[in-house]
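I opened a new notebook page for this protein chain. My plan was to look up the overall build and then a few places in detail.

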Amino acid sequence: PSPIVINGFDDESLRTFFQMEPRPKNEELDRIIQRIRPHYSCNFHKWDKAGHPVIIEMIGRIDAHNAIKAIKNLVRPGQPLSQPVAEMHSFQNELANYLIRFQDAKMQKV
């Protein structure tokens, strides 16, 4: 299962469509998302009229102070604070790409 919530999409259907094995547990990525999620809430929530996934970022609920504290606890000495955030966003973008391709294929069948 994805460490980022993907409401309205079935993990098993996605894996079957892309002929992928279950996602290996990426301990580093899972740890990053687990630590940042309480302070920065975002998830994919179904799709728009064109069939593309909708990502909801609850900007008003961002707890910047505690998010930065959590990020500081994640980085290794000498590592920039942006590193864990970049890893999380890279995964989020990759996931969005898969969801878009999945929905595009689904929409063409209808």
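**Overall build**

I began with the secondary structure and found four helices and three strands in the protein chain. I then read the elements from the N terminus on, and their order is β-α-α-β-β-α-α.

I noted that this is a predicted model, so I checked the confidence next. The chain averages a pLDDT of 87, and 97% of the residues score at least 70. I looked up where confidence is lowest and found strand 1 (residues 6-7), with a mean of 86. It is highest in helix 3 (residues 64-74), at 91.

**Extent, burial and charge**

I looked up the box that the C-alpha atoms fill along the principal axes, and it is roughly 50 × 30 × 15 Å. The accessible surface comes to about 7300 Å², and carbon and sulfur atoms account for 54% of that. Of the 110 residues in the chain, 29% are buried.

I also looked at contacts between residues with a separation of 6 or more, and 68% of these join residues 24 or more positions apart.

For charge, I recorded 15 positive and 13 negative side chains. The centres of these two sets lie 5 Å apart.

**Helix 2**

Which residues of helix 2 are buried? I listed Leu 29, Asp 30, Ile 32, Ile 33 and Ile 36, in a helix that spans residues 27-36. They lie on the same side of helix 2, because they cover an arc of only 160° around the axis. I then turned to the other side of helix 2, where Glu 27 and Gln 34 are exposed.

**Helix 3**

I repeated the search in helix 3, and its buried residues are Ala 67, Ala 70, Ile 71 and Leu 74. Their arc around the axis is only 100°, so they too sit on the same side of helix 3. The face turned away from the buried side of helix 3 carries His 65, Lys 72 and Asn 73, which are exposed.

**Asn 43**

My last entry is on Asn 43, which I found in strand 2 (residues 42-47). Is Asn 43 buried or exposed? Its relative accessibility is 14%, and buried means under 20%, so Asn 43 counts as buried.

I then looked up what Asn 43 is in contact with, leaving aside neighbours within four places in sequence. The list holds Ile 4, Val 5, Asn 7, Val 54, Ile 55 and Ile 56.

Technical notes. Residues numbered from 1 in each chain as written. Predicted model: local features only at pLDDT ≥ 70, side-chain atom pairs only at ≥ 80, totals over all residues. Heavy atoms only, no water. pLDDT = per-residue confidence, 0-100. Helix = DSSP H or I, 4+ residues; strand = E, 2+ residues; numbered from the N terminus. Buried < 20%, exposed > 50% of the residue type's maximum accessible area, 1.4 Å probe, protein only. Contact = heavy atoms within 4.5 Å. Areas by Shrake-Rupley, 256 points an atom, 1.4 Å probe, with all protein chains shown as cover. Lys, Arg positive; Asp, Glu negative; His and termini not counted. Charge placed at Lys NZ, Arg CZ, Asp CG, Glu CD. Arc of directions from axis to C-beta.
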